[in-house]
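Subject: Structure handover

Hello,

Here is the structure I said I would pass on. My notes on what was found in it follow below.

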Amino acid sequence: MLDFEFYTPTKVFFGKNAESNIGTYLNKKGYKKVLVVYGGGSIKRNGLFDKVVNELSSHDISYIELAGVEPNPKIDKVYEGIKLVKQHGLDFLLAVGGGSVIDTCKAIGIGLGENRDPWELIENTIIPEHSFPMGSVLTISAAGSEMSNSAVITNMERGIKRGLNCDANRPEVAFMNPENTYSVDAFQTACGVVDIMMHTFERYLTPEKACEPTDRIAEAVLLSVKEAGPYAIENPKDYNARATLMWASSLSHNNITGVGRNGCWAPHKMSLDFGALHDNITHGAALSVIFPAYCKYVMKYDVARFTRMAVNILGVPMNYEEPEKTAIEGICACERYFKSLNMPTRLHELGIEESELDKLADKTSRDGKMVFQSYISLGRKEIREILDLMR
């Protein structure tokens, strides 16, 4: 087990009517002027917007709206938010939505906190020390951004999508009501299941040894998500299944499933470039294609670890005479599970052509200048070979 620091400052209000705590919490903290950030307007159609702003108004808290945050959130919307905060003298950012909305608020926050162009910070991995107070009302279980230190933003003009991990990104508070995810459709629910699992798998499948408490927490989170996913898809108003996914989303990405290990984040890095290449590719769908291919490529460097994944998480019987077959079957079982959720597992299902693979390899490797650490170093050559396994 590696030495580690574990920091999770986010206060969580979880359960039915969690959003009813918004006004009391903000009043207690002295916040009086809020930027309410959201996406396409579904929160207005389902009544959540009214609940949130009524909470604000009933506690004498004013608000300004920033609507229209898109999937694969854009830097232009971040700039718009920074301008509104400065123009109206706002003192708190409230994301009402999922990962894209929360990440937009995080980018607004570091831009304001550092008084710098947030894209400059993100693109150049400049770690900010300061941010702006922010919280979230979660509406989809997926990214885990409500408790994580990460934010991912797309620059459409540059055609690139980048993430920045830093403690300044961690939200102050999260209001998490599983009922607010009832309206999430089957596809987006499945994408969320994949994303949650990846946040733990990429922490779990690493070379470090003797991390039993962390490993068993990770296995519990993965098993819970694997079991709850089909129930939430079959019955969108299954409260227990939705609650399991929502809490697992937070646990999977606040790093409790990775303490004592170094995460191997190559699949996530590759998925960002899928989204940058084709803006309509959903993050979870990209990961469902990438992850099995990645596992097939690196499995031989730690057969014991992949065997443990196969047996403890995916329910594959142990082949003691040929453990490598157990490991391979585990990867196949994971792929079958994704297919059972109607997730894609091949590039053509995402609309990616074979002619685009070299461009993807160039993007992910920064034209051959960047190497990702996994069980082995993954440069442009290795990334390109992993892409071939997705055809």
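Predicted model: local features only at pLDDT ≥ 70, side-chain atom pairs only at ≥ 80, totals over all residues.

Residues are numbered from 1 along each chain as its sequence is written, and side-chain values use heavy atoms, with hydrogens and water left out.

Arg-346 sits in the loop between α13 (323-340) and α14 (347-350). Helices (H or I, at least four residues) and strands (E, at least two) are DSSP runs, numbered from the N terminus. Leaving aside residues up to four places away in sequence, Arg-346 touches Val-289, Lys-296, Glu-335, Met-390 and Arg-391; contact means heavy atoms within 4.5 Å. With Arg-391 there is also a polar contact, in which the side chain of Arg-346 reaches the backbone oxygen of Arg-391 at 3.3 Å. (A polar contact is a pair of N or O atoms within 3.5 Å; within protein, one must be able to donate a hydrogen and the other to accept it, and residues adjacent in sequence count only if both atoms are side-chain atoms.)

**The chain as a whole**

The chain has 16 helices and 10 strands. Along the principal axes, the C-alpha trace spans about 70 × 45 × 40 Å.

Of the 391 residues, 57% are buried. The accessible surface comes to about 16,100 Å², and carbon and sulfur atoms account for 48% of it; the areas come from the Shrake-Rupley method with a 1.4 Å probe, and for residues only the protein chains shown count as cover. Among contacts between residues at least 6 apart in sequence, 77% join residues at least 24 apart.

**Cores and helix α12**

The largest nonpolar core has 65 residues, and Phe-201, Phe-274, Phe-306 and Met-390 have the most contacts inside it. A nonpolar core here is a set of buried Ala, Val, Leu, Ile, Met, Phe, Trp, Tyr and Cys residues joined through side-chain atoms within 4.5 Å. Helix α11 (residues 283-298) supplies the largest share of this core, 11 residues. A second, separate core of 33 residues includes Ala-95, Cys-105, Ile-110 and Ala-174.

Phe-201 touches Leu-222, Phe-291, Met-309, Ile-313 and Cys-334, again not counting residues up to four places away in sequence. In helix α12 (residues 303-312), the buried residues are Arg-305, Phe-306, Thr-307, Arg-308, Met-309 and Ala-310. They pack against α7, α8, α11 and α13.

**Strand β2**

Strand β2 (residues 33-37) is mostly covered, with 4 of its 5 residues buried. β2 pairs with strand β3 (residues 62-66) in the parallel sense over 5 bridges, and Val-34 stands opposite Tyr-63 in β3. β2 also pairs with strand β4 (residues 92-97) in the parallel sense, over 4 bridges; there the bridge partner of Leu-35 is Leu-93. Two strands pair if DSSP finds at least two bridges between them. Leu-35 and Arg-346 are 311 residues apart in sequence and 40 Å apart in space, C-alpha to C-alpha.

**Three further loop residues**

Ser-365 lies in the loop between α15 (357-364) and β9 (372-373). Ser-365 counts as buried because its relative accessibility is 0%. A polar atom of its side chain lies 2.7 Å from the backbone oxygen of Ala-361. Beyond four places in sequence, Ser-365 touches Met-370, Arg-380 and Ile-383.

Most residues other than glycine have a negative phi. Asn-115, in the loop between α5 (99-114) and α6 (118-123), has a positive phi near 55°. Asn-115 counts as exposed, since its relative accessibility is 60%. Ala-210, in the loop between α7 (186-204) and α8 (212-234), has a positive phi of about 55°. At 62% relative accessibility, Ala-210 counts as exposed.

Regards

Conventions. Buried < 20%, exposed > 50% of the residue type's maximum accessible area, 1.4 Å probe, protein only.
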